[in-house]
Amino acid sequence: MVFLKVNFEGASRTVFVNGSPRGHTNTVMSFQLPGTYPISLAPPNDFLPPVMEVPLFLTSPFMPPEITFTRLPPSPRIT
């Protein structure tokens, strides 16, 4: 089993792994098998990068690797 913590500032979002909902941000998630996984977040698409390819091998639930999606600043309103 391998582990990962996905961070996102300011809110909880659903985390997608291989395009399927798998957990929530800011918590430790477990994966049955080691490997490289595409990780993304649920909409709205106000974050970067859109997807991260994350290799997970020999991880620990006590100090899992962490990745962070950064929230984009709000778009200026045109008046």
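Modeller: Arg13 counts as buried, because its relative accessibility is 9% (buried means under 20% relative accessible area, exposed over 50% and partly exposed in between, with a 1.4 Å probe and protein chains only). This is a predicted model, in which local features need pLDDT of at least 70 and side-chain atom pairs count only at pLDDT 80 or more, while totals for chains, interfaces and linings use all residues. Residues are numbered from 1 along each chain as its sequence is written, and side-chain values use heavy atoms, with hydrogens and water left out.

Colleague: Which residue does Arg13 form a salt bridge with?

Modeller: Its partner is Asp46, with the closest N and O atoms 2.7 Å apart, where a salt bridge is a side-chain nitrogen of Lys or Arg within 4 Å of a carboxyl oxygen of Asp or Glu. Arg13 lies in the loop between strands S1 (2-8) and S2 (14-17) and Asp46 in the loop between S5 (35-41) and S6 (47-48), so the pair ties together parts 33 residues apart in sequence; strands here are DSSP runs (E, at least two residues), numbered from the N terminus.

Colleague: And what about Arg71?

Modeller: Arg71 also forms a salt bridge with Asp46, at 3.1 Å between the closest N and O atoms. Salt bridges that share partners join Arg13, Asp46 and Arg71 into one network.

Note on methods: Helices (H or I, at least four residues) and strands (E, at least two) are DSSP runs, numbered from the N terminus.
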